[in-house]
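Please look at the sequence and the model first.

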Amino acid sequence: MLPLNIPVIVAGALVPLAFYKFVISPAFLSPLAKVPSAHWSAPFSPLWILWIRYRRRENRELHAAHLRLGPVIRLGPNEISVNDLTGLRIVYGGGFEKGDWYSIFDNYGVPCMFSSWHSRPHSARKRMMSNVYSKSMLHASPVLARQAEIILYDRLLPFLASSTFVESGIDIHETWNATAMDFITAYQFGLKNGSNFLRDVDNRQHWLHLYYIRKTYPYFTQELPRLTRFLKFFGIHLVPLWVDRANRELEAWTKDRCDATVEYLKTSAADEKDIANEPVVMKALLSGMEKEGTIKGDDSVLTNTLLKYPELSISSEMIDQLAAGHETSAITLTYLSWELSRDASLQDALRAELHALSLSPSESTRSLPNSKDLDALPILHAVVMETLRLHAAIPGGQPRMTPYPSCTLGSYSIPGGVRVGAQAHSVHRNPNIYPDPDKFDYTRWMDDQNGYSAEQKKERDRWFWAFSSGGRMCIGSNFAMHEIKLVIAAVYTNFRTYVVDDEGIEQTDGYTCGPRSNRLILKIERAITP
Ligand code: HEM
Ligand SMILES: *[C@@H]1O[C@H](CO)[C@@H](O)[C@H](O)[C@H]1NC(C)=O
Ligand SMILES: *[C@@H]1O[C@H](CO)[C@@H](O)[C@H](O)[C@H]1NC(C)=O
């Protein structure tokens, strides 16, 4: 009698099963099978997209794939990407939750609004703070105006004035990092407990160093969470321990500010003489939390998070906002000042527009333009919008999960639990909406110059996605627009800038992206007042 060869029998059964599970099913039977694949291997394995992301080539590769294959493409066995208005409306219009990818934005071990997985707790948080970030509130805020006055006239402009003597030029990205940090932290904690990075060079460099050395490591936690945890268990740290240490130090720095602000509100705020010290965001969050606790009590969707760990949750929210708030604005200011520094006639036209303001920002009078007038300046608005289009500070994918049981994207029916995202890098490069999309052409946004029809303008505005859209859209978009316009107005009314060295200005590829090397050296000169 022949001996039974168990391994052969098992293998004989397993090989076809595996073939079915890993080849036939994903490639032919999965509902995703009909979606065009960005790479031939995408139906069978996530290796291609993992590799592209690891090499930091995601934005350009996905863009090329969308151009080739259309607005809905498959990136892996369980992942797709969309790139048209229908896709944006469906994925970001509600019902698609964020998922684990955003967990790295938890701080102190507790979530913040941005990292909240589900929409109900998310909106409960957002309600507490959206008012202080609304355009009407920001434009009318005497606190923000006073903070801006001090940051611009006591810190930024004197620094630039001293830089006019520096023949070799200055690294402007660092200046914008500092400016954006000072703006957002002043609004959060009040001027006294905010940063003063424009003046305090040592603390600034230490802080920014801690912040940016962590840059490439989220890849492992976000894209390979199980492998990262598994190896960590065996003492292999894909994310080095010093990254954790840097996080802890940044968290401690922020918590000090939160604690000091709470203390200030309890003790000395009542006697305060300077409104610049009002901690607008902290106040809103504290009163929102109190209301949530007293009105909803244990019925609140935040009972087990925000209300259970109030101190850590406040700090988690604040560190997220100062991170989201400074990095993106600084990148935008960097590209905007680069574009202006390359085009002297555009810079002159902008300056003429600024000088025509009834309250142009002058160092001698410390005046700030009226917010509405500033917002309505056509060239200023156009250059900011075109910078946000062409050099979106978050150009990369914003992943969501498809809802159960299924949804429809394009002509495809997609089951629940599939990762799906869009990226501003591609949305902003549709040649039918933005002709010659790689060109910086601010006249796209100047309606008295571009000759666009009403429909063309509408489409142009609908495809603008620098701040995302829907319920999880940027809460700071109005803050960013106002701050950027104030800074550019104050700087370019009084100074002229030229490029000395922009090697490395090319934008990196990934989620939040600044220049490849951090060198943009600008020469600063006094502008001659007309
Ligand atoms: C030019 C500047 C800015 C750009 C381009 C920008 C862009 C974005 C984008 C694209 C998102 C959605 C990201 C995603 O879902 O993955 C977002 C969300 C967010 N941004 Fe901004 N942002 C800017 C400035 C700011 C500022 C100044 C703040 C200050 C508070 C801020 C705070 C936030 C927060 C808290 C969220 C999460 C919102 C939510 O979960 O509902 N951002 N931003
Ligand atoms: C400023 O911010 C960028 C990221 O937006 C970072 O890469 C860079 O290192 C920072 N530059 C300095 C000089 O702090
Ligand atoms: C906060 O401001 C107070 C003055 O109101 C100051 O004494 C304290 O050192 C500040 N704390 C931080 C962390 O900035």
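## Sheet

Strand 2 (residues 79-82) and strand 7 (residues 419-421) run parallel and are joined by three bridges. Helices (H or I, at least four residues) and strands (E, at least two) are DSSP runs, numbered from the N terminus. Ile 80 has Val 420 of strand 7 as its bridge partner. Helix 3 (residues 58-69) packs on the sheet and touches strand 1 and strand 2, where contact means heavy atoms within 4.5 Å. The direction of helix 3 makes about 135° with that of strand 1; axes are lines fitted to C-alpha atoms, for helices over the stretch in contact, and angles run from 0 to 180 degrees between N-to-C directions.

The open sheet has four strands in the order 1-2-7-4, with mixed pairing. Strand 1 (72-76) and strand 4 (400-401) stand at the edges with a single partner strand each, so one side of each has no neighbour in the sheet. Two strands pair if DSSP finds at least two bridges between them.

## Basis of the model

The model is predicted: local features need pLDDT of at least 70, and side-chain atom pairs count only at pLDDT 80 or more, while totals for chains, interfaces and linings use all residues. Residues are numbered from 1 along each chain as its sequence is written, chains are lettered from A and ligands numbered from 1 in the order in which they are written, and side-chain values use heavy atoms, with hydrogens and water left out.

## Ligand 1

Around ligand 1 there are 31 residues, of which Tyr 102, His 122, Lys 126, Cys 474 and Tyr 511 come nearest; a residue is near a molecule if one of its heavy atoms lies within 4 Å of it. The shell divides into 16 nonpolar, 10 polar and five charged residues. Here Ala, Val, Leu, Ile, Met, Phe, Trp, Tyr, Cys and Pro count as nonpolar, Asp, Glu, Lys and Arg as charged, and the others, Gly among them, as polar.

An N or O atom in the side chain of Lys 126 is 2.6 Å from an oxygen atom of ligand 1. For a polar side-chain atom of Tyr 511 the distance to an oxygen atom of ligand 1 is 2.5 Å. Helix 5 (119-129), helix 14 (310-342) and helix 20 (477-494) are the elements that give two or more residues to the shell. Helix 14 gives the most, with seven residues.

## Helix 13 and helix 14

Helix 13 (residues 280-296) packs with helix 14 at an angle of about 145°, and their axes are 11 Å apart. By class, their contact has eight nonpolar, one polar and one charged residues.

Terms used
A polar contact is a pair of N or O atoms within 3.5 Å; within protein, one must be able to donate a hydrogen and the other to accept it, and residues adjacent in sequence count only if both atoms are side-chain atoms.
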